[in-house]
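The tour goes from one group of aromatic rings to the next.

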Amino acid sequence: MLKYGIQGPDAVFAFGFLLILSGTRICLSPEYIILFLPLFVIGFLGGSLMIIESNSKFRERLRDFSLKRRDPKNNQKVLDVGTGRGLFAIELAHKGCSAYGIDIWSNQDLLGNSLGKVKKNMKRDGIEVDFRYGDIREIPFVDDFFDSVVCSYLVHNIHKPSEMRMAIKELGRVTKDGSKVLLADINPFLGPGWTKSVWKNELEKENFKDVEFNNFLLTSVIFTYVSKKEKKSEGFIGKSSCD
Ligand SMILES: C[S@@+](CC[C@H](N)C(=O)[O-])C[C@H]1O[C@@H](n2cnc3c(N)ncnc32)[C@H](O)[C@@H]1O
């Protein structure tokens with residue numbers, strides 16, 4: 001459960017705290033039940049939802065469901081954007097891909113989130129992944145470098161529509177014509193607050209095609225392809241974490 005971390009640890013602790021606090025008050029002073037019962041219910045429902053969605057077993061299932069659809073091939077260069085503790089990147093390396101992972105490794109998003117932790121996971125599994133610092137709004141690779149990109153549970157962190165557009169542009173820039181792109185965690189109440197039709201529109205504006213939405217329990221996943229006319233040179237910029 002902890003290999004790939006618990007996402008949104010602050011929210012998990014907040015709901016847990018609310019549950020314990022209101023539960024204790026109800027036990028100690030039953031006359032205040034009217035006041036504390038709603039808080040107890042919020043803590044219980046919110047906490048349960050977070051425990052289901054935040055734990056890494058749930059995300060591993062989502063990953064396996066998504067990769068079955070994406071069918072990554074041997075030696076393809078695949079980027080995991082917002083890799084965290086390597087949920088997708090490590091599995092892609094196991095499948096024979098040239099796996100890359102970038103992240104800003106924010107601790108608010110994932111428990112124990114760090115470059116050191118993800119490298120430890122990689123070494124424990126005996127595979128090679130190129131992990132390096134990088135922001136989705138400015139991906140540190142040259143144009144047309146990747147055959148495929150995955151991005152799981154990151155987009156809820158990008159609140160400004162202009163920044164989300166910047167991120168979409170970057171995903172299109174670093175991928176080759178025909179590349180498969182996967183965005184997991186599409187929710188109209190989080191991130192830029194876009195509905196499915198707005199997502200489709202925004203992606204199509206940047207030359208993504210066949211935008212398809214799939215639901216996996218409470219999470220919506222976008223599968224799409226990059227469509228561009230010209231190809232440019234290969235290579236990368238920025239310092240490799242292995243240098
Ligand atoms: C909830 S975690 C998900 C990690 C991993 N993809 C998974 O599913 O286990 C979200 C990740 O996105 C990263 N992140 C947030 N904003 C980012 C940004 N602007 N660019 C790159 N990574 C970002 C966080 O540091 C965190 O590791």
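A residue is called buried under 20% relative accessible area, exposed over 50% and partly exposed in between, using a 1.4 Å probe and protein chains only. The model is predicted, so local features need pLDDT of at least 70 and side-chain atom pairs pLDDT 80 or more, while totals for chains, interfaces and linings use all residues. Residues are numbered from 1 along each chain as its sequence is written, and side-chain values use heavy atoms, without hydrogens and water.

Select Phe 58 to begin. Phe 58 is buried, at 5% relative accessible area.

Rings of Phe, Tyr and Trp (its six-membered ring) pair if their centres lie within 6.5 Å; planes under 30 degrees apart are stacked, over 60 edge-to-face, and the rest tilted. The whole structure has 11 such aromatic pairs. In one of them, Phe 58 and Phe 216 are tilted, with 5.7 Å between centres and 50° between planes. Phe 58 belongs to helix α3 (residues 56–70) and Phe 216 to strand β6 (residues 208–216), so this pair ties together parts 158 residues apart in sequence. Helices (H or I, at least four residues) and strands (E, at least two) are DSSP runs, numbered from the N terminus.

Next, select Trp 194 and Trp 199. Their pair is edge-to-face, at 5.0 Å centre to centre and 75° between the planes. Trp 194 is buried at 6% relative accessible area, and Trp 199 is buried at 2%.

Finish with Tyr 100, Phe 141, Phe 145 and Phe 146, which form one aromatic cluster.
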